[in-house]
Amino acid sequence: MTDRTPAALMTSLALHALVVAIVVLFTYSASLRSKEVPKIFELVRGEGTNYMATEAPALGTPGGLKLSVPAPTPPKPESAVAPEPAPAKPEASPVTPPPPTKAPVTKAPPVQRTPAQEIRRLLANADLRAKRSVAKQRDEEQKQLTKAEFDRVNKAKAAEKSAPTKIQKVDGEGIAKGVEGGSTANKEGGANGRALTAAEGNRMERYESALMAALRRALEQEKPPGLSESLVASVQFRVEADGTLSNVHFAKGSGSAEFDNAVRAAIRRVSGSIGARPDGKSEVVELDFRAKEDGE
């Protein structure tokens, strides 16, 4: 019994050492392993990386005046002007002709026409009278059309004068990268979110939301068209204290080289753009990049 005690003791020590080693290894690997995907908190609208903004910035200019100005009126239709009558030509003063000298009047012999010639003459006269009648009728119709158009334009102008002028409220105070309906209290900018107001989450949580949203926007710009919407790539990367992204590693590729390359390009694009982490620490993050996000 005593001979086997040292062996049992050594076995027990070895087992304890193995357990301790497993615990240490697990703790170390857990520290390197990425944490769960952070919850995405709603961010306010407007360009910028002001992820702590609780209100979207107003659209305008710093120090701008609040004005109420009439809305621009549509261009007025060209008014028809009644045609002015042509100035009457001065009549020439009558000239008294000299008294005609009486000359012997010789009556011309009557024109002798054949029956066929007489018929042609009558037909020509009738055709001339018909043409004059048609021309006169067209002139009357043109005058009626001109008068109707003139009356229509006058009625439109009268209705425009009687309509009330629309007043549009303009808030000149704000910033150039603001949004309509935003707050003039925000002078820094938005966070490329969707809400006019948002206050959920602490500073670190809102930083992570801004980073995740920026990565997904960058992926939309980088990925080529025509890819399957079901593609998903799981990527680990380190978020350094200064906000740069490094040590990119694909835990699971999407199966599409084009999509995976777009993910790498999106990470490079966003690296450092959000600014330093509020906690001043670095951390390994694992994120699923999807070709089509939920809700799109």
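Throughout these views, buried means under 20% relative accessible area, exposed means over 50%, and partly exposed falls in between (1.4 Å probe, protein chains only). The model is predicted, so local features need pLDDT of at least 70 and side-chain atom pairs count only at pLDDT 80 or more, while totals for chains, interfaces and linings use all residues. Residues are numbered from 1 along each chain as its sequence is written, and side-chain values use heavy atoms, with hydrogens and water left out.

View 1. The structure has 1 aromatic pair (rings of Phe, Tyr and Trp, the last by its six-membered ring, with centres within 6.5 Å; planes under 30 degrees apart are stacked, over 60 edge-to-face, the rest tilted). Tyr 51 is in the loop between helix H1 (5-32) and strand S1 (66-70) and Tyr 207 is in helix H3 (residues 203-222), so the pair ties together parts 156 residues apart in sequence. (Helices, H or I of at least four residues, and strands, E of at least two, are DSSP runs numbered from the N terminus.) Tyr 51 is buried at 8%, and so is Tyr 207 at 1%.

**View 2. Asp 127 pairs with Lys 131.** This is a salt bridge (a Lys or Arg side-chain nitrogen within 4 Å of an Asp or Glu carboxyl oxygen), with the closest N and O atoms 3.5 Å apart. Both residues belong to helix H2 (residues 115-162), 4 residues or about one helical turn apart. Lys 131 is exposed at 55%.

**View 3. Arg 277 pairs with Asp 279.** Their closest N and O atoms are 2.8 Å apart. Arg 277 is buried at 6%, whereas Asp 279 is partly exposed at 33%.
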